[in-house]
Amino acid sequence: MVRSLIQIEPTTNFAMASNGERMDAVSSLSRVLMGLSHPAQFLASAREIDQFRDWPKPPTLERSWLAVLADDDATRLDWRTRTLRRSLEGVGLRCQEDVNNVAYREGYICRDYCFDGKEYCATLVLRRWPRDSTPGWLGQALAGSIPVDCAIHVKPEDPQEFARFLKQQEDWQSDQNTVRPDAANALGRRDARTMREDLIARTDSPVSAAIVLTVRANSRADLKQRVEMLGHEMRLALADVRVATFEQDRGLRATQPLAQCELEGAWRMIGCLHLASTWPFQPATVCHERGAPIGTTGSMLVRLDPFDLSLRSFGGLITGSVGSGKSFLMKLLLMGLGGCEQIVVEQAEPPEYAGLDGVHHVSLADLSEQEQAAKLREFITNLWATARADPRPRLLVLDELWALIKRPELADLVEEVARRGRKHFLALWIATQQCEELIESAKAVFDNASVRIYLQQESRDLSNLARAARLTQPAAQFLRGAARGEALLDLGRMVLPVDVQATPNQYSKISTDPREGRHDGLGDSTGEGGPARGRLAGVRLRSAGSARSTRAADDPAQR
């Protein structure tokens with residue numbers, strides 16, 4: 001048996017999409033499933049990682065998604081792989097063939113768990129599907145901090161044969177021979193009739209599906225706790241999972257990229273639309289290969305690179321109210337980036353960026369407004385000429401200079417750099433709190449920023465920002481309740497809530513909050529010796545006054 005693997009990467013964040021966008025995604029995936037003429041496996045894996053342990057809230061999981069096909073004929077398998085890959089890309093998923101197959105590790109098998117030599121595993125099977133499911137119910141149930149491998153096995157069935165079976169089911173559940181009508185029979189007849197009409201109209205197609213989940217832990221006690229937590233999350237989605245008793249070896253193989261499922265009683269006959277509503281490709285993140293680590297989302301690391309090839313341009317925008325953390329995030333991004341020339345222009349006194357290593361700092365302090373405008377125009381003109389003559393990665397940051405940028409002698413030059421900077425490897429980033437004026441007076445700068453980061457907004461600016469950026473209702477709702485240090489990263493199709501994080505060393509270099517100085521070595525209010533500076537940084541940055549539930553803290557997108 002020959003197998004092929006397709007690595008899948010989501011290009012949108014399902015949790016931040018509107019209801020219409022979610023339904024469109026589910027409908028597109030259902031058409032892909034209806035077009036299958038062979039068995040397939042979709043695998044969502046979550047692995048624990050140990051990175052950035054000095055962050056107040058470090059990332060704990062790394063997620064990946066695969067589509068697995070198997071066949072005896074290598075030529076036919078290659079054709080099926082190409083066809084499925086093109087179909088998934090049409091849904092909006094980034095796909096590439098993967099040759100790294102995960103080897104199955106043998107271990108000892110017990111009644112309700114197994115040990116594969118490195119960690120304890122327990123396999124659960126979805127026994128009861130939710131009747132009325134919301135789009136993405138399975139992905140949302142798996143979006144927590146538990147490392148779970150979820151395998152969805154799919155086998156297409158004959159629609160005509162299934163339609164005849166549904167017709168027989170309507171006859172079996174008739175109330176003609178009963179004393180009084182039965183509610184279960186009426187519900188079964190209605191479901192069979194609805195499904196049969198969809199099959200006749202060819203708006204849906206039947207498949208046999210099995211969903212298997214494997215939970216991993218380093219100890220049996222942790223494993224038991226995680227199994228209970230997963231069961232609770234699935235019950236919240238109106239589904240029911242049971243431990244695969246005496247079939248843990250088969251269950252472990254079912255969640256490996258082997259495209260086989262031999263579990264007893266795991267298969268269910270459902271429609272493609274119902275199966276597509278699981279949408280397991282979530283939660284998503286942005287992790288550019290050479291990006292700067294700026295925080296976490298859904299227990300996953302967020303890396304941002306303004307020069308990444310996946311972005312349509314290099315421009316960026318950071319906007320937020322006073323004290324929301326614009327300069328903090330900008331400096332964090334500059335410290336994490338490498339391989340590019342960094343130039344910062346500001347007028348603050350004392351300067352905020354002067355102490356950063358590798359940053360060419362230009363200060364406009366102690367100058368009149370007219371002199372500032374003249375110096376800024378001369379500097380940008382010379383830099384623009386240099387970029388066209390010697391194109392290489394350059395990052396130009398204009399921090400809180402909106403009063404100068406909007407002057408007539410500078411507006412056209414800044415808009416030209418924003419529009420054409422990509423051709424010469426020049427990235428223009430603007431950090432400002434004047435979001436409303438930017439949208440009204442410099443729409444070209446706003447539109448050409450491929451990376452937009454929104455922090456805590458004033459209520460009077462939020463409605464205009466949501467309208468100009470075309471934010472969905474979940475995204476606007478997140479911003480409405482965002483605390484200090486919580487950001488919304490907008491890359492066009494991908495919109496992510498980010499919990500900004502910094503190491504103690506980074507925090508000591510970039511923080512300008514005068515309130516932090518009084519905590520150095522003074523301990524807490526009880527005189528017991530306070531937290532370390534890095535831990536204090538995380539508490540201050542995320543606004544200690546905003547109480548959150550445990551689940552909301554693990555995944556800001558689910559608030």
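**Note on the predicted model: sheet, pockets, cavities and backbone**

1. The open sheet has 10 strands in the order E13-E12-E21-E20-E19-E14-E18-E17-E15-E16, with mixed pairing. Strand E13 (300–304) and strand E16 (359–363) stand at its edges, each with a single partner strand, so one side of each has no neighbour in the sheet. From one strand to the next, the twist averages 25°. Helices (H or I, at least four residues) and strands (E, at least two) are DSSP runs numbered from the N terminus, and two strands pair if DSSP finds at least two bridges between them.

2. This is a predicted model, in which local features need pLDDT of at least 70, side-chain atom pairs count only at pLDDT 80 or more, and totals for chains, interfaces and linings use all residues. Residues are numbered from 1 along each chain as its sequence is written, and side-chain values use heavy atoms, with hydrogens and water left out.

3. At one end of the sheet order, strand E15 (residues 341–346) pairs with E16 in the parallel sense over five bridges. Val 345 stands opposite Val 362 in E16. Helix H9 (residues 326–336) packs on the sheet and touches several strands, among them strand E12 (292–297), strand E14 (315–319) and E15; contact means heavy atoms within 4.5 Å. The direction of H9 makes about 125° with that of E12. Axes are lines fitted to C-alpha atoms, for helices over the stretch in contact, and angles run from 0 to 180 degrees between N-to-C directions.

4. Is strand E17 (394–399) buried or exposed? Six of its six residues are buried, where buried means under 20% relative accessible area, exposed over 50% and partly exposed in between (1.4 Å probe, protein chains only). Arg 394, Leu 396 and Leu 398 are buried on one side of E17, and Leu 395, Val 397 and Asp 399 on the other. In a regular strand the side chains alternate between the two faces of the sheet.

5. E17 has parallel partners in E15, through five bridges, and in E18, through six bridges. Gln 342 stands opposite Leu 395 in E17, while Val 397 has Trp 429 in E18 as its bridge partner.

6. The largest pocket has a volume of about 1,300 Å³. It is lined by 44 residues, of which Gln 7, Glu 9, Arg 63, Thr 285 and Cys 287 lie nearest its centre. Strand E3 (61–71) is one of the elements that give two or more residues to this lining, and E3 gives the most, with six residues. The lining divides into 19 nonpolar, 13 polar and 12 charged residues. Here Ala, Val, Leu, Ile, Met, Phe, Trp, Tyr, Cys and Pro count as nonpolar, Asp, Glu, Lys and Arg as charged, and the others, Gly among them, as polar.

7. On method, a 1 Å grid over the protein atoms alone is used: a cavity is a set of points where a 1.4 Å probe fits but cannot get out, a pocket is an open set with protein on both sides within 12 Å along at least five of seven lines, and lining residues have an atom within 4 Å of a point. Grid points are joined across faces, edges and corners, and a volume is the space filled by probe spheres set on the points.

8. The second largest pocket has a volume of about 940 Å³. Of its 29 lining residues, Arg 131, Asp 191, Met 195, Gly 271 and His 274 are the closest to its centre. Helix H5 (183–201) is among the elements that give two or more residues to this lining, and the largest share, seven residues, comes from H5.

9. The whole structure holds four cavities of 30 Å³ or more. The largest cavity has about 110 Å³ of space. Among its 16 lining residues, Gly 315, Gly 316, Ala 418, Leu 428 and Asn 448 lie nearest its centre. E18 gives the most to the lining, with four residues.

10. Some backbone points deserve a look. A cis peptide bond joins Gln 282 and Pro 283, with omega about -5°, and Pro 283 lies in the loop between H8 and E12. Arg 202 has a phi near 60°, a positive value in a residue other than glycine; this residue lies in the loop between H5 and strand E9 (206–217) and is exposed at 70% relative accessibility. Phi of Phe 246 is also near 60°, and Phe 246 is exposed, with a relative accessible area of 63%.
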